[in-house]
Amino acid sequence: MTKMTIIPSAGATMPAPFVGRHLIDGQWRDSADGAVSERHSPAHGTHVSTAAKGGVPEAEAAIAAARATFDAGDWAFSSGASRAAILLKVADLIERDLDRIALLETLESGKPISQAKAEIGGAADLWRYAASLARMVHGDSHNALGPDMLGVVLKEPIGVVSMITPWNFPFLIVSQKLPFALAAGCTAVIKPSELTPSTTCILGEFLIEAGLPAGVANIVLGYGDPVGEVLSTDARVDMVSFTGSTGVGKRISAAASGTLKKVSLELGGKNPQVIFPDADLDQAADAITFGVYFNAGECCNSGSRIIVHEDVAEELTAKVVALSRKVPFGDPLDPATQVGAIISPEHMAKIDGYVQGAVAEGATLAIGGAALDVDGVGPQFYQPTVVTNLRPDMPIARDEVFGPVLAVLTFTTLDEALSLCNDAAYGLSAGVWSKDMSTCLSFARRVQAGTVWTNTWMDGFPEMPFGGVKESGQGRELGRYGLEEFLEVKTVQMRIGDTRQPWVAG
C-alpha cells in the first residue's frame with residue numbers, strides 16, 4: 001500500500017437522508033405494505049436514503065398506468081415537437097439541480113463527486129439530443145408498386161417499455177434509455193437498482209415539473225425479485241430494456257420469452273486494448289490507467305485487460321504502474337478524488353477473490369491486490385491493482401471482475417492479438433494503439449466488439465450508438481439507433497381507385 005495517492009476524509013457535513021417513493025400514474029406513493037429499504041454510503045457508512053420497497057401490487061399498478069396511457073393515444077400520437085419541448089425542459093431542470101443530483105449519487109454509489117457532476121451534465125446533453133430526434137421520426141414511401149398502388153412504411157412507438165437500470169451509473173443510464181423512449185412516443189415503467197434509487201426519483205420530480213402527462217413515465221422502487229420479475233413477464237409490457245450483468249440479462253431474456261416481448265440488453269464486458277510497439281506508450285499508459293480505474297472499475301466499458309506486444313510489455317506495464325500510484329483514491333466528496341468506494345462489501349470480496357485466485361495460480365502483482373485504508377472513511381476501498389504473468393485461460397483474464405484491476409497479457413502478431421480478443425464470451429468494446437492506421441483499421445474490422453476505439457479509450461458522444469455483441473448484449477442505445485430501438489415498423493399498402501380484380505370468377 002506504499003507510494004499510493006490517498007485522499008482522506010473531507011469531513012463534509014452529510015445531508016438529511018433522502019426519502020424515495022414510487023411514482024405511479026403521476027402520483028407519489030408509498031408501498032401498500034409500508035415496506036422500505038435503507039441505503040448507507042459505501043464510502044462513509046452514513047444513512048443516505050430510505051426508499052419505498054415495492055412489490056407485485058406496485059409493479060402491476062405502474063404497468064396498468066403505462067398501458068392505459070399508451071392505449072389512450074394522446075402521448076403516442078402527440079407531435080414530435082410537443083414531446084421535444086418536454087424533454088428540453090427536463091434537460092434544463094437537470095442542469096438547474098446538477099449539484100443536488102451529483103451529491104446524492106456520490107453518497108449512494110461511492111463514485112467521486114467530480115465524476116458524478118460530469119455524468120449529470122452529460123445526461124442533460126442526452127435529453128437534448130433525444131429531443132432533437134423526437135422531431136425526426138419518419139418512415140418510407142414506395143411509389144413504384146404500380147399506377148394504382150402506394151406503399152407507406154410507418155415508424156410507430158413500440159408501446160409500454162420496462163426499464164431496469166443498474167447501480168454503477170444510475171442517472172446516466174436511465175438517461176440513455178428514457179428520453180429516447182419518450183421521444184418515440186412510448187410509455188415506461190422504470191426500476192432503478194435498490195442500491196441507488198434516489199436520483200431516479202429526482203428525475204421523476206423533473207418529469208412532473210416539465211409537464212409530462214401522468215402515466216407516461218412511472219417509477220417503481222424495489223428488488224429484482226419481485227419487481228423486475230413482474231416487469232419482465234407481464235403481457236401488458238411490450239419491451240424490456242435492461243442494463244446490468246450478463247447473468248441477470250440471461251434470466252430477463254428467458255423470463256420475457258413467455259410473451260415474446262422485445263428485449264434490449266446492455267450487459268458486461270471484458271474489454272481489451274491491444275498495444276503495438278509503434279504506439280505512443282505514454283498516451284496509451286494514461287488511457288489504460290483511466291480505463292481500468294474510472295468509476296473504480298465498476299463499469300461495463302472498463303478497459304480491464306490489455307494485450308500488449310511482448311517487445312514493449314515491460315516498459316508499458318511500468319508506465320501504468322507509475323501512473324497508478326499517482327491516481328487519487330479516497331473520499332468521494334473531495335473534488336480531488338478520482339477513484340472512490342466499492343459499492344458493497346460483497347462486491348469487494350468478489351474483486352479480491354479474483355485477484356487472490358490469480359496469485360494462487362502463479363500470477364504476479366505489479367501493484368495493489370488488497371483493500372485500501374483511507375483515513376476517516378469506511379472500509380470499502382480497493383487498491384489500484386495490476387496483475388501480470390497471466391495465462392489467457394485464467395478467470396481474471398476472462399471474467400468481468402468489475403473492480404480497479406488490470407489484467408496484462410502479451411502477443412507477438414496481429415492475428416494472435418485478435419485471437420486473444422475474440423476468444424471471449426463478451427464483445428462490448430475494444431481498443432487498439434498504433435501509429436499505423438492500416439493496423440488500426442484491420443483490427444477494427446476484425447475484432448468482435450460493438451465499439452472500437454483507436455488511439456483513445458472511452459470517448460463517447462450522444463450521436464454514436466452503444467451496445468455489444470455476443471454475451472455483452474443485444475440492441476443499441478444512443479444515436480438514431482437508440483431511437484429506433486423503441487419504434488415498431490408498420491406496412492400500409494393503399495390501392496388507388498377501384499382497380500382490384502375479383503378473385504372469385506363470375
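**Rings, strands and one serine**

Guide: A search of the whole structure finds 7 aromatic pairs. This is a predicted model, so local features need pLDDT of at least 70 and side-chain atom pairs count only at pLDDT 80 or more, while totals for chains, interfaces and linings use all residues. Residues are numbered from 1 along each chain as its sequence is written, and side-chain values use heavy atoms, with hydrogens and water left out.

Visitor: Why are tyrosine 129 and phenylalanine 180 called a tilted pair?

Guide: Rings of Phe, Tyr and Trp (its six-membered ring) pair if their centres lie within 6.5 Å; planes under 30 degrees apart count as stacked, over 60 as edge-to-face and the rest as tilted. Tyrosine 129 and phenylalanine 180 are 6.3 Å apart, centre to centre, with 55 degrees between the planes, so they pair and land in the tilted class.

Visitor: What makes that a link between distant parts of the chain?

Guide: Tyrosine 129 is in helix H4 (residues 113-134) and phenylalanine 180 in helix H5 (residues 170-184), 51 residues apart. Helices (H or I, at least four residues) and strands (E, at least two) are DSSP runs, numbered from the N terminus.

Visitor: How do you know whether tyrosine 129 and phenylalanine 180 are buried or exposed?

Guide: Buried means under 20% relative accessible area, exposed over 50%, partly exposed in between (1.4 Å probe, protein chains only). Tyrosine 129 has 16%, so it counts as buried, and phenylalanine 180 has 0%, so that one is buried too.

Visitor: And what kind of pair do phenylalanine 276 and phenylalanine 411 make?

Guide: Edge-to-face, because their planes stand at 75 degrees, with ring centres 5.1 Å apart. Phenylalanine 276 sits in the loop between strand S14 (272-275) and helix H9 (281-293), while phenylalanine 411 is in strand S19 (residues 405-411), 135 residues away. Both phenylalanine 276 and phenylalanine 411 are buried.

Visitor: What makes S7 and S8 paired strands?

Guide: Two strands pair if DSSP finds at least two bridges between them. S7 (residues 140-142) and S8 (residues 149-157) are joined by 3 bridges and run antiparallel, so they pass.

Visitor: Why is serine 241 called buried?

Guide: Its relative accessibility is 2%, so it counts as buried. Serine 241 lies in strand S12 (residues 239-243).

Visitor: Which residue's side chain makes a polar contact with that of serine 241?

Guide: Lysine 177, at 2.9 Å. A polar contact is a pair of N or O atoms within 3.5 Å; within protein, one must be able to donate a hydrogen and the other to accept it, and residues adjacent in sequence count only if both atoms are side-chain atoms.
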